[in-house]
Amino acid sequence: MKFEYRYFGNSQVSDSATATSMQFAPDTLRTPTYFAATLQSTLALAYREAISAMHDVVVSDLRTQPKDRTAYFAWLAENEASLLADFMAQEKELREKITPLRAELTKVQNQKYGLMQPFYKAQREYFDYLYKENRDMWIVLDPVITVHPDKVFFECFSRDESTYASLSCRHSVFKHLGEFACGTTNIDYSSALYDEFQKIRAYKETRFEIQADGFQVQTGHDEQYHEAKIDLPDSWMRGFLQVSTAMSMPAHKLDLHPMDVHSICHILRRKTERVGPRSIRFILESGQPITMLFEPWGIKLVCQRSVFTGNEAAEVRIWGRRRLLTLERLIAVADKFSVMLMGTGLPSFWIAHLPDMDYTLGLSGWTANDWSRAGQFDLLAPRLDVDDSKAQAVAHALSSQWSASTASLAQQLQLDSKLVASALTGLMQAGRVVYDAVDQVARWRDLVREPINVASLRFASERESLAAQLVHKNLLLDLQSANLAGGGIEWKASVSASITNTKKLSKTMIRLDNDDRLVEGNCSCDYYVRNRMFRGPCEHMLAIRQVANSKQ
């Protein structure tokens, strides 16, 4: 998926002893959006910490980085012949045979080294330069900023496609509000701008301005324009849309005292896991303090300041917990934290409530986003079929008032609330609406300038699409599960070969480890017989996985 931006100039900061002025350069290819205001001095520090925590998400990449062994292999290639000759030196006959071969090999290696050395050197220097001097090149997408009549909020997504963050600021955060135009745009956001955010102080006036000048220039050849064209993988956009959809789903909701979040971060800083399971197990009992069990260490954290007020007891496990360390900067300035747990291994949302601001951290099931690729949860939530006229009516009503609840839209349009909810779900999946978990309303927000082809983003692979069809048609028979002696669960079922061939059944089995990762499986279908697991699980395994996830 290709994104194209055109900024008029660059975001600029002018700093003095008494005031700081920040001017954000918007994307001039989008609907004109502008905003100008001065930050309340009493909220300056809270805003600084929140926007800095958001930047930590933008640049985060917690995927395992392979060790660079280029230098070792280069040395081994240069010395392999001599090492082999030394080892075989006791054999005179072999030594005489090796000598001419070694000379020929050395000649070939020298030729190869001479040809490839400039490339290896340039490649190494290029990536070193990007990482040290121009980290902006490592950020795949500039943050999105949306101006609404009651709020201004920033959104971003991490490089490893596993973490979402948003910072919403009510207009009361600012004073001396000037004219503003509601809408959504990308802003030119650099690491240098992040450094300027660190200079925000309560004793200095801080002014923010999303420039409107860029929209008033008629010529596209002005030298102040600069363009950026980025080709993003579909998985990145799929993950962003999954977050928006998941945020509106039912969840276990709980409140945590800031010191309880500090305790979580303290444990993660103090301990290093070397074996699985690497999860936090939430033990929730109505009227009792929230309890967390950190695996594999068995550390039990009882949050005496935080009592679970839900009606139903539950036990939920989440993974990818080290991403919670991005909340550390907010502990000192937050009034409380709200947590939304979708379920075991499903997304979770952590909301830091600051004075007149809310910072939302959305985490996918895994840091590596494995479950998205393996069919843990689909992009599209189940919904009713909504005809185009009703969907357009819902879109028009929401876009005209910018934010509304499902109930208010249903009453306004005289439609069934379930139909309106389904229409909103479709708009979320198209990137046009985002769910505000704090105010519990849907907000109009066009993620991209051009309409998104939702059909192309629905599934990560053809296998996942076929699995969804099998589950939708209820073509799984005799689903059984059994706990394994060494930990984990084994699932078995007889699955129809396809939605068109329901008479032929495939005997399918999958095994999940303590971290609920699919570690083993077999199936009698042709795809598995030909490819085993080298090309990933077949659609029958993924179908069992999807049904098993719903039963946890």
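How many residues does the hairpin that joins β5 to β6 pass through? The hairpin joins these strands through three residues. The structure is a predicted model, in which local features need pLDDT of at least 70 and side-chain atom pairs count only at pLDDT 80 or more, while totals for chains, interfaces and linings use all residues. Residues are numbered from 1 along each chain as its sequence is written, and side-chain values use heavy atoms, with hydrogens and water left out. Helices (H or I, at least four residues) and strands (E, at least two) are DSSP runs, numbered from the N terminus.

- Strand β5 covers residues 144–147, and strand β6 covers residues 151–157.
- The two strands run antiparallel and are joined by four bridges; two strands pair if DSSP finds at least two bridges between them.
- Within this pairing, T146 stands opposite F153 in β6.
- Both faces of β5 are covered, with V144 and T146 buried on one side and I145 and V147 buried on the other. Buried means under 20% relative accessible area, exposed means over 50%, and partly exposed lies in between (1.4 Å probe, protein chains only).
- In a regular strand the side chains alternate between the two faces of the sheet.

**The open sheet of four strands**

- An open sheet has the strand order β15-β14-β13-β16, with antiparallel pairing.
- Its edge strands are β15 (299–307) and β16, each of which pairs on one side only.
- From one strand to the next, the twist averages 20°.
- Strand β13 (residues 279–284) pairs with β16 in the antiparallel sense over six bridges, and S279 stands opposite W319 in β16.
- Strand β14 (residues 289–294) is joined to β13 by four bridges, and these two strands run antiparallel. Here M292 in β14 is the bridge partner of F282.
- Strand β16 (residues 314–319) is largely enclosed by the rest of the structure, because five of its six residues are buried.
- Helix α6 (residues 258–270) lies across β13, β14 and β15, and runs at about 165° to β15. Axes are lines fitted to C-alpha atoms, for helices over the stretch in contact, and angles run from 0 to 180 degrees between N-to-C directions.

- Strand β7 (residues 163–170) pairs with β19 in the antiparallel sense over seven bridges, with G362 in β19 as the bridge partner of Y164.
- Strand β18 (residues 348–354) also pairs with β19 in the antiparallel sense over seven bridges, with Y359 in β19 as the bridge partner of A352.
- Two residues lie between the strands in the hairpin of β18 and β19, where D356 takes a positive phi near 60°.

**Nonpolar cores**

- A nonpolar core is a set of buried Ala, Val, Leu, Ile, Met, Phe, Trp, Tyr and Cys residues joined through side-chain atoms within 4.5 Å.
- The largest nonpolar core has 63 residues, of which Y47, L256, I264, F282, M292, W350 and Y359 touch the most other members.
- Helix α1 (residues 44–58) gives the most to this core, with nine residues.
- Another core, of 20 residues, lies apart from it and has L470, C523, C525 and Y528 among its members.
- Not counting residues up to four places away in sequence, W350 touches residues including L256, I264, F282 and Y359; contact means heavy atoms within 4.5 Å.

- Helix α8 (residues 388–401) and helix α10 (residues 417–429) pack at an angle of about 75°, with their axes 9 Å apart.
- That angle makes α8 roughly perpendicular to α10; angles under 35 degrees count as roughly parallel, over 145 as roughly antiparallel, 65 to 115 as roughly perpendicular and the rest as oblique.
- K390, A391, V394, A395 and L398 in α8 meet L419, V420, A423, L424 and L427 in α10.
- In helix α12 (residues 462–472), the residues R463, E464, S465, A467, A468 and L470 are buried.
- N474 follows α12 and has a positive phi, near 55°.

- V519 lies in strand β26 (residues 518–523) and is exposed, with a relative accessible area of 54%.
- V519 touches R511, L512 and D513, not counting residues up to four places away in sequence.
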